[in-house]
Structure formats: structure tokens, C-alpha cells
Amino acid sequence: MDKIERTLGQLFQGRDFEKQYEALKQQVFAYEPVKAFLQENQSDLNEQIVNQNLSKLYEFMTEHQKYRDKQDTLMPGYAPRLSLDGEYITVTYYPTEEKIQADRQRAIEKRIRSLYMPKQIMEATLDDFTIDNESRSAAFLSAGEFLSTYQQGVTGMQKGLYIHGSFGTGKSFLLGAIAKDLALKGVSSTLVYLPEFMREIKQSIADNSVGEKIQFAKETDILMLDDIGAESMTTWTRDEVLGAILQFRMQEELPTFFSSNYSMEQLETHLMFSNNGNEERMKARRIMERIRYLAIEVELDGRNRRY
């Protein structure tokens, strides 16, 4: 505001004050949005009110011209608007459509938390998911069914999906697309690339932050574990990390999604052997019981779409 008044003061310096003042008035009054405002409020305005509020009309004109010409304004992202309050003309600023859209996009992005997931997965949408065979159609329909029936805060188990298939078929992409659709509905989700998460868990032993990281994965509204089975699993990470997370989510009935190169049956075999080579069938079966309780198995086959 001080900047506007200083500008007016500079304009009116010198002998030709009245001449400059009249020229400025005519310029302001000739500006179409100002002219429309004065005409709309003519019953409540008189010459004295208009003259005493000339600085506000000038501020509006200069800022509106900048906004119209896509130049920097006093309040970037906001457009000026004139209003009348008794004998006072005021300039208020309202968010532009571009700012509203940008704020909405930031809000959506904040609802999708990601740990070690690539950028293209975070930008995935269901509109971009290719349906060119029966399994992809079935997977898409399963995703749609969850999205149409999921209600946040509703008691009762709402199963996620266990999406399995060969490399590059779009399993992670589908998880990202589901997360984006949930974000548009105001629902937060967390996508975790499980192999990297497990590596970090092991490293976190040194700073005693293991419990904090596990608790985060336990409690997030919707958890998506990407590439389960690809991690270097030890007996400890299988039972005390993955097992603890799944047990909590099963007890609290929190939706959980998985992607894997293994089917559920194959994953059970993979989890059966500890890092020292011993077979631990019952422990693997216990993990799989939790996964089967949490998610519906969906196969996604087709060509490798990374190439």
C-alpha cells in the first residue's frame, strides 16, 4: 500500500500537479473494470467519495493490469477486486484459478506419502492404466471395486489387493494410481518400496529408530508394500518387522496392499527359508495368513512395459 501512495506522490510532484492529477483521474476512470465498478455502485457514490478513494482505484487499476498481463503483482497468485464499504472503496485480493488448482494439487500430493518410490509411480493415474488383456481388466476392476466401496473410519475389514505378476507389468503403477485416486477423495496412503525399507530398518538399529519406523508403517491409514519378496529377508526382519506390521494392521483392520513378482503360494515358499538356510514353514505360513487376511490376490500379466 505504501508503494502505491509513494508512486502517486511522485506523479504529483512539480508545478503541473493539477494537470497530472486530472490526467490520472481520467486514466483510472477510463479503465473498463473501474468504469464498470463505478457504474454498478453509482447510487451509493458521489464525486467526493470517488475522489477521496482515488488511490484505491489507482491501486486496483495497476494491479489488475499486471494480473491481466501475467506480470508480478503485489500478491502473486491473487487477483484484485473492488468493493464498497460505506464511503470507503477497498481493494481485496482473491486467489486465482491457477492458485486454487496449484493448492489443490499440493494437497493431493501431501496425501500420498512415499518411501523410496520412483517419481513416475507417484504420478500414476487409473486413466493411464492400459487394459489389453483379461488379467489387466480384472485387476483394474478389483481396484475400482475397492475405491468405490472404501469408506474411511468404517469398522470392518476392507481388504486391499495383493497384485502379482512378472517384471514390468505395471504392478507398482497400479498401486500408485490407486493412491492418487484415494488422495483425490481426501484419503491418505503410504507407498513403501519394501526392499529399501528393510535395508533402512537394519541400519536404524544403530540409532535406535527401528521402533519409530515400524510404528509408522503399522499405523498409516492405507499401507502399500511394493515388491514384497524382492527384499533380502532375515529371520528378524520377517518375524519382528514384517510380521509385526502385518499383525497390527490385521488386528486394527487397516487396508493393506502388496505388489510382488511372486504369487501368494510362491511367496510362502520364499519366506520359508531363513538367512541361515533353515526351513521355517510355520513362520512363513503365519506371515501368509496375515497377508491373505489383509488382501485379495490379483494376477497382472502381460508384456514388460518398461521397454
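This is a predicted model: local features need pLDDT of at least 70, side-chain atom pairs count only at pLDDT 80 or more; totals for chains, interfaces and linings use all residues.

Biologist: Is helix 10 roughly parallel or roughly antiparallel to helix 11?

Modeller: The helices pack at an angle of about 150 degrees. Angles over 145 degrees count as roughly antiparallel. Helix 10 is therefore, relative to helix 11, roughly antiparallel.

Biologist: Which residues of helix 11 meet helix 10, and how many residues of the contact are charged?

Modeller: On the helix 10 side you will find F197, E200 and I201. Their partners in helix 11 are V210, K213, I214 and A217. By class, the residues of this contact are five nonpolar, no polar and, for the charged ones, two.

Biologist: Let's go to another pair. Are helix 8 and helix 9 roughly parallel or roughly antiparallel?

Modeller: Helix 8, residues 134-149, packs with helix 9 at an angle of about 25 degrees, and their axes are 11 Å apart. Angles under 35 degrees count as roughly parallel. The two helices are therefore roughly parallel.

Biologist: Is the crossing of helix 8 and helix 9 left-handed or right-handed, and which residues of helix 9 make the contact?

Modeller: The crossing of these two helices is right-handed. Helix 8 brings A139, A143, F146 and L147 to the contact, while helix 9 brings L174, I178, D181 and L182.

Biologist: Now for the pockets. Which helix supplies the largest share of the lining of the largest pocket?

Modeller: The largest pocket holds about 470 Å³ of space, and 22 residues line it. Nearest its centre are I121, G170, S172, F173 and R306. Helix 7 (119-122) and helix 9 (171-184) each supply at least two lining residues. The largest share, three residues, comes from helix 9.

Biologist: How many residues in that lining of the largest pocket are polar?

Modeller: The lining has seven nonpolar residues and seven charged ones. The number of polar residues is eight.

Biologist: One last thing: which residues lie nearest the centre of the second largest pocket?

Modeller: This pocket holds about 180 Å³ of space, and its lining divides into four nonpolar, six polar and three charged residues. Of the 13 residues that line the second largest pocket, the ones nearest its centre are Y150, G153, V154, E253 and L254.

Terms used. Residues are numbered from 1 along each chain as its sequence is written. Side-chain values use heavy atoms; hydrogens and water are left out. Axes are lines fitted to C-alpha atoms, for helices over the stretch in contact, and angles run from 0 to 180 degrees between N-to-C directions. Helices (H or I, at least four residues) and strands (E, at least two) are DSSP runs, numbered from the N terminus. Angles under 35 degrees count as roughly parallel, over 145 as roughly antiparallel, 65 to 115 as roughly perpendicular and the rest as oblique. Contact means heavy atoms within 4.5 Å. Ala, Val, Leu, Ile, Met, Phe, Trp, Tyr, Cys and Pro count as nonpolar, Asp, Glu, Lys and Arg as charged, and the others, Gly among them, as polar. On a 1 Å grid over the protein atoms alone, a cavity is a set of points where a 1.4 Å probe fits but cannot get out, and a pocket is an open set with protein on both sides within 12 Å along at least five of seven lines; lining residues have an atom within 4 Å of a point. Grid points are joined across faces, edges and corners, and a volume is the space filled by probe spheres set on the points. A crossing is left-handed if the near helix is turned anticlockwise from the far one by less than a right angle, and right-handed if clockwise.
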